[in-house]
Amino acid sequence: MRMPRRPRLLLPVAIALVAIVALFFLFSGIYTDYLWFDSTGFTSIFSGVVLTQIVLFLVGAVLLVGIAGGNMLLAFKTRPMFGPAIFGGGSGADRYRMALDPHRKLIFIIGMGLLAVFSGSSFAGQWETWLKFNNGASFGRTDKLFGMDISFFMFDYPFIRMVLNFLFTAVIISIILAAITHYLYGGFRLQSPGVHASKAARIHLSVLLGIFVLLKAIAYWIDRFGLVFSDRGYVHGASYTDVNAVLPAKTILAIIALICAVLFFAGVFRSGGMLPGVSFGLLVLSAILIGGVYPALVEQFQVKPNQLGKESAYIQRNIEATREAYNIDKVEVETYNAQADPSKVQANGDTSVSGVRLLDPALLGSTYEQTQRIRGFYSFADPLDVDRYPDSTGKLVDHIVGVRELTGPPGDQNNWINRALVYTHGYGFVAAPGNQVDSSGLPAYDSKDMPVTGPLVDSTKLKESRIYYGENESASEYVIAGGNPTKPMELDYPETGGTGQKNTTYTGAGGVPVGSFLNRLLYAAKYSEANIILSGDVNDDSKILYVRHPRERVQKVAPFLTLDGNPYPAVIDGRIQWIVDGYTTSNDYPYSQSESLGDMTRDTSTDRRVIAQQPSDKINYMRNSVKATVDAYDGTVKLYAWDANDPVLKTWSNAFPGVIRPATEMGAELRQHVRYPEDLFKVQRYTLSRYHITDPGAFYGGQDVWNVPGDPTQGDKNIKQPPYYLTTTMPGSNTPAFSLTTTFVPRQGPNLAAFMAVNSTAGPDYGRMRVLRMPPSSTPIPGPGQAQNAFQSRFAGELNLLGVGASSVRYGNLLTLPYAGGLVYIEPVYIQVTAGGGQEPYPILQRVLVSFGSKIGVARTLDEALREVFGGEQQQQEQAQQSETQQGETNTSSTALNSAIANAKKAYSDAQKALQASPPDWDAYGDAQKRLDEALQALEGANAQQPQPEPSASASPSASPSASPSASPSASPTETPAGDTS
């Protein structure tokens, strides 16, 4: 029964409609991408990548279809005239041929179409490989095995392997399709005894097999160069076995494969399967014996019994190449005989640590939120960032900085208009000196509030405080701004009077205009949102802003870069700019050790998911080649060639000329805020933990291998301590420098093995990396874990006294610094308090812990804690006098102790009442806080006068939890040195 005419017409119409819709959405995605690149000024990236992908797609598709399809057609054209009958009788292939033959053209077209898509897509995905091959720059250095320029292995070798893999795929598919075609149309039959084939089929398949074996010969020859990436030996790179067994074996196998290819080609002129069979057997046997068994015997019986002796030269090559590839070959490792006895050093007059940063950016996010969020729909990044800004004297001081970003409209007002048109941006730059707090332990902000006020605003001449581009999750969504210049509807910041909010209209250069109906239609399709077309608030002046996260924005315009996981904001030329560090990475540097980028950069911050994790891709080369900026207001992206000598960067500059600006175009203010990038430093410290050893014998023994210590403040020894930005003065220098620092401990043992710092200030010393190595023969210096344990056990009573009731103790970053001929540990201690009115808990600074050798101090300020440790002779005299007084004042001290506890109870109770009030009574709380401090000091003094078997230098009070007051914030703006709440 035939199908009615109308239903038969509906099917092709439906297919056509589906195709049109699919093509429209495909077009909308591509065209809106072009519009985005056009709005950022990086259309050369878009056109360069897209055109390269199109050409590679066409080349891959045409070549594979031409090779595979051509061989399939050749097999069909040379089919026997009488089909399977030439071998007598029927064939099992007959029924398959009869079923397929009526549809062979359709099957062929569909099959070739699928192959074209598969091959073209695979080839187009290798656009980076092609561009590096086509634009590769010379390294000016050669490898130790072949004497070839490093660029051959970095740029040429990957492309050659890509072409070989493509050709192998094409030939294998051709063999399969040709064999199936010959079988279906009687070219050969599988019957006893053996295989019967027509002359045409024999010649065709012999040639294809010969080409396959010829490619194998070429592959064996090319594989020789891949030995520089071998992981067979003790380290990566060509080992003794690779050089003395595998390398000659590959050469021999290439010759044998070439002979076998000739034998396969000989099958064209000689019938029978003897020659192909012999060549195939020879190829397999030689691959097993020469390529597998021989190297295994050399490894087992020559190398393993004397591995150090055999591998020493190749370990040396790996050490040199790895240090070059990770840019640690110029690290200055110096012996540092650190003093561990504070009584033997002269710390008086040494002010190198007196202004050290105590505020911890990893803890203060909630403090900034509770004190500077202003409204619930704003938030700050976690962690905050560390940068440098001048104080009132013009001296650069470490600051904890953050921007007030928008999280989106409140839950009950979360509709499209509010999300897309009203709540479009954050507002404000908030900063506080890292070495100061106010009288209640809160940051002493010098840039705060809405509109932004403070001394920092004047010194930086901040003019534009709006944050349309930021790190918050809301930055992953689009907003439409600028559409109502005469009647602003975008929320700028809340006000106490009038309508309760100040509105504004976006006037930035960034964003894609959506005034035209076509653009609105395309973006409506892209985001599946009809309101983009229907809303009357979207007009000729409107712009759509998307890809607003600074890291994602830079990644889109520079897809060839690997980006640092932690962008940071800075005030530059009166505007807030995001600074993003870009890396050129590779896994093709000969002899260099290959490791997972994700593993090398993993630490506390990445495990908490507070900064972006790097992918687990393996690398063995890394450079900080690019510094990028993203304007927080209009999204303008600028890329600067920070390491213009990097051959990989030169290669990409050749591929995309004019995209990366010279570093000379960086302004003075931008250079002032450049810092050494974290992820590169993490990779380098990971590598240096082993590759600080340059002698092959010592490297093989591994006795001096270091580890990055676990973060002692988190209690997990398996998660590495993050590096810390701070200003420090290295030994031999009189000038403090903004640096990125870390420590090392021995692989076996908790003591400190080394301290490392890299200069992070733009200038001639930028990137200078120094390692202070503790000699094994000197007095052991406690490691970070030991210092943390000593802090917690020594002052457990006093710290627990602070963390009761509505409070808990939080330990800040444990900083390690060179000081007074030794190394000092400094750690801020915060009390996390819960205020009234349903506010979330947030930490305030209450104590500073200091450790030098085995001597420990605790005080409200860093200077006081340092005096406890380095008090010297005067302190000893005071302690002696105090000891004499103790003997005659036991009864008096007991009375004082009880009085101090009672006063502390009363102050704690009053503080909690003031704190739980709604709103909190900060004046009453500040008074209670002052009395609490006086009571704690009295309690400490009274407790120290009690008879003790082993009196310590600084007694710790203990009291029952019910009698233990808790410290919390005051609103007083008075600024004092960090930790001083007296």
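Biologist: How many residues of β9 are buried?
Modeller: In this predicted model, where local features need a pLDDT of at least 70, side-chain atom pairs count only at pLDDT 80 or more, and totals for chains, interfaces and linings use all residues, 5 of the 5 residues of β9 are buried, so the strand is largely enclosed by the rest of the structure. Buried means under 20% relative accessible area, exposed means over 50%, and partly exposed lies in between, with a 1.4 Å probe and protein chains only. Residues are numbered from 1 along each chain as its sequence is written, and side-chain values use heavy atoms, with hydrogens and water left out.

Biologist: And which residues sit on each side of β9?
Modeller: F429, A431 and P433 are on one side, V430 and A432 are on the other, and all of them are buried, which leaves both faces covered.

Biologist: What sheet is β9 in, and in what order do the strands run?
Modeller: β9 belongs to an open, antiparallel sheet of 3 strands, in the order β5-β6-β9. Strands (E, at least two residues) and helices (H or I, at least four) are DSSP runs numbered from the N terminus, and two strands pair if DSSP finds at least two bridges between them.

Biologist: Which strands stand at the edges?
Modeller: β5 (385–390) and β9 (429–433) do, each with a single partner strand, so one side of each has no neighbour in the sheet. Neighbouring strands here are turned against each other by 40° on average, direction ignored.

Biologist: How many bridges hold each pair?
Modeller: β5 pairs with β6 (residues 396–403) over 6 bridges, and D387 has H399 of β6 as its bridge partner. β6 and β9 pair over 5 bridges, with V403 bridged to F429 of β9.

Biologist: Switching to helices, at what angle do α2 and α5 cross?
Modeller: The axes of α2 (residues 43–77) and α5 (residues 127–135) cross at roughly 100° and come within 10 Å. These axes are lines fitted to C-alpha atoms, for helices over the stretch in contact, and angles run from 0 to 180 degrees between N-to-C directions. The two helices are therefore roughly perpendicular to each other, given that angles of 65 to 115 degrees count as such, under 35 as roughly parallel, over 145 as roughly antiparallel and the rest as oblique.

Biologist: Which residues make that contact?
Modeller: V49, T52, Q53 and L56 of α2 meet W127, W130 and L131 of α5, where contact means heavy atoms within 4.5 Å.

Biologist: What about E678, buried or exposed?
Modeller: E678, in helix α21 (residues 678–691), counts as buried at 10% relative accessibility. The E678 side chain makes a polar contact of 2.8 Å with the side chain of N566; a polar contact is a pair of N or O atoms within 3.5 Å, and within protein one must be able to donate a hydrogen and the other to accept it, while residues adjacent in sequence count only if both atoms are side-chain atoms. Leaving aside neighbours within four places in sequence, E678 is also in contact with residues including D564, Y583, Y725 and L740.

Biologist: Last one: what is the average pLDDT of the chain?
Modeller: The chain averages 86, and 85% of the residues score at least 70, pLDDT being the predictor's confidence in each residue, from 0 to 100. Over residues 873–890 the pLDDT is below 50, and that stretch has 11 contacts in the model beyond near neighbours in sequence. Residues 948–982 are also below 50, with 124 such contacts.
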